[in-house]
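Please open the structure in a viewer and keep a selection panel at hand.

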Amino acid sequence: MNNLKKTDLQIYNLVKAEEERQRNVLEMIPSENYASLAVREALGSVLMNKYSEGYAGRRYYQGNKVADQVEEIAIARTKKLFGVPHVNVQPYSGSPANAAVYFALLNPGDKIMGLKLSAGGHLTHGHPKVTFSGRFYNSVQYDVGADGWINMEEVAKLVTREKPKLIVVGTTAYPRILDWKKWRTIADSVGALVLADVSHVAGLIAGGAYPTPVPYVDVVMLTTHKTLRGPRGAIILVTERGLKKDPDMGKKIDRAVFPGLQGGPHDNTTAAIAVCLKEADTAGFKKYARQIITNAQTLGETLQEAGLTLTTGGTDSHLLVVDLRPQEVIGNVVAEALEVAHIVTNYNTVPHDTNPPMFPSGVRLGTPILTTRGMKEKEMKQVGAWIAEVVKEVKHYLLPADKAERTRFMTKVKGELARNQKLIKIGKAVIVLCKKFPVLEIY
């Protein structure tokens, strides 16, 4: 039997190239993490060969005794870790999982409310015109204030006026803790359901480092590949509160996932999810979750001391967003420069950004992977100093006002940054740091 190298050398070489890239960069995109060897083994197992349409004990195919046990273990571990009575571990990812919740609990045209994408929300939270959630449902979105914070009094006024059937509470670029109890109170004032999308902070919740929404919301959706450090997948949780409101809510969710929106589950992913849940239910993971936040706060303080501006003035979680408007440089330029320096981030909008989404005024940083590698406060201070140096090096690159010139501008900038000796020097120092904190070989 031929292995990958013998079968397809081209793909094998690309996989090895990606391994090398991951070893030698500081991955700081907050929605990414490094899964353990055990998770990756489960994901690449022979379970991928099986088709298991349906649910455990209720399959449409024979030969599912093992797959049933795998799914039942994943469900039991989720219930224990998050303290919920009903779980569905079959969603392929976060976006279809949110779609399943809407499909289960709403009718087309019902009103939903979520945070604006530009304020740190997610496309599936009702972003208008271009997403299913914005096109098939009547979407009204809340925003953040000029200070970048969610103003709960303003949210309450909007909810009272609009009376949504479902409120989505979740973020992708908002660094502060969400007050789940206040959201429940506001939702109850108009009889709205609450969906907590905790994709980004699921691992922090599992580790006890971030408040759980479970006592206050009806449904929770989480992805498994971010702070939870698992494979790319998603889980839907129905809380006791949700089942008291509607005893059939769990059944509705299950029917929405299958057969409503997808076919057979990916059994190998389910197994890998079960593994990451076991890893998360340990004292070591709790320590890891707390360290993620400590690292993010140390990084934020270092950046501020260097003169950079953070949205909301800091962070309570695993991520932070640098507002580059004082430096008069766009996030694209800084993200490209950081990558030359072997620091991988993503450009991101900032609250009330006047630049277009493809050329926004910020960069988003996260500490999950650096923490997975074993880095702590000392390293965060060094990383923060490097990031500040990079921003200083590129602050003279101004975005052209002419839209037609912007693509050519970025092409020119990329070429110049690739040859920038200061960025290259920082990149070499980053590689030295990375070698002190290896991950793929030992984790």
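Helices (H or I, at least four residues) and strands (E, at least two) are DSSP runs, numbered from the N terminus. This is a predicted model, in which local features need pLDDT of at least 70, side-chain atom pairs count only at pLDDT 80 or more, and totals for chains, interfaces and linings use all residues. Residues are numbered from 1 along each chain as its sequence is written, and side-chain values use heavy atoms, with hydrogens and water left out.

**The whole chain**

Along the principal axes, the C-alpha trace spans about 65 × 60 × 45 Å.

Colouring by accessibility is the next step. Buried means under 20% relative accessible area, exposed over 50%, and partly exposed in between (1.4 Å probe, protein chains only). By this criterion 56% of the 443 residues count as buried. The chain exposes about 19600 Å², of which carbon and sulfur atoms supply 54%; accessible areas come from the Shrake-Rupley method with a 1.4 Å probe, and for residues only the protein chains shown count as cover.

Contact means heavy atoms within 4.5 Å. Among contacts between residues at least 6 apart in sequence, 74% join residues at least 24 apart.

**The nonpolar cores**

Select I150, W183 and V198 next. These are the residues with the most contacts inside the largest nonpolar core, which has 60 residues. Such a core is a set of buried Ala, Val, Leu, Ile, Met, Phe, Trp, Tyr and Cys residues joined through side-chain atoms within 4.5 Å. Helix 12 (residues 267–280) contributes the largest share of this core, seven residues.

Centre the view on W183. Not counting residues up to four places away in sequence, W183 touches Y142, I150, M152, V155, I167, V169, L178 and V194.

**L228, in a loop**

Move to L228, in the loop between strand 9 (219–223) and strand 10 (234–238). L228 is buried, with a relative accessible area of 1%. Leaving aside neighbours within four places in sequence, the residues in contact with L228 are A202, G203, A206, L222, T223, C276, L277, A280 and F285. A distance to display runs from L228 to I273: the two are 45 residues apart along the chain, and their C-alpha atoms are separated by 9.4 Å.

Is helix 14 (residues 331–340) largely enclosed or open? Seven of its ten residues are buried, so helix 14 is largely enclosed by the rest of the structure. The buried residues are G331, N332, V333, V334, A335, A337 and L338. To see what covers them, show strand 13 (343–344), strand 14 (346–348), strand 15 (362–366), helix 16 (377–394), helix 17 (403–418) and helix 18 (421–436), against which they pack.

Q421 lies in helix 18 and counts as exposed, at 58% relative accessibility. Q421 and V340 are 81 residues apart in sequence, and 9.9 Å apart in space, C-alpha to C-alpha.

**Backbone exceptions**

Most residues other than glycine have a negative phi, and most peptide bonds are trans.

- H342 follows helix 14, in the loop between helix 14 and strand 13. H342 is not a glycine, yet has a positive phi of about 65°; at 23% relative accessibility, H342 counts as partly exposed.
- K129 is in the loop between strand 5 (111–115) and helix 6 (132–135). K129 is likewise not a glycine and has a positive phi of about 70°; at 72% relative accessibility, K129 counts as exposed.
- F258 and P259 are joined by a cis peptide bond, with omega about 10°. P259 is placed in helix 11 (residues 249–261).

**A last stop: R21**

Finish at R21 in helix 2 (residues 9–23), which counts as partly exposed at 30% relative accessibility. Leaving aside neighbours within four places in sequence, R21 is in contact with E27 and V344. R21 and K245 are 224 residues apart in sequence and 49 Å apart in space, C-alpha to C-alpha.
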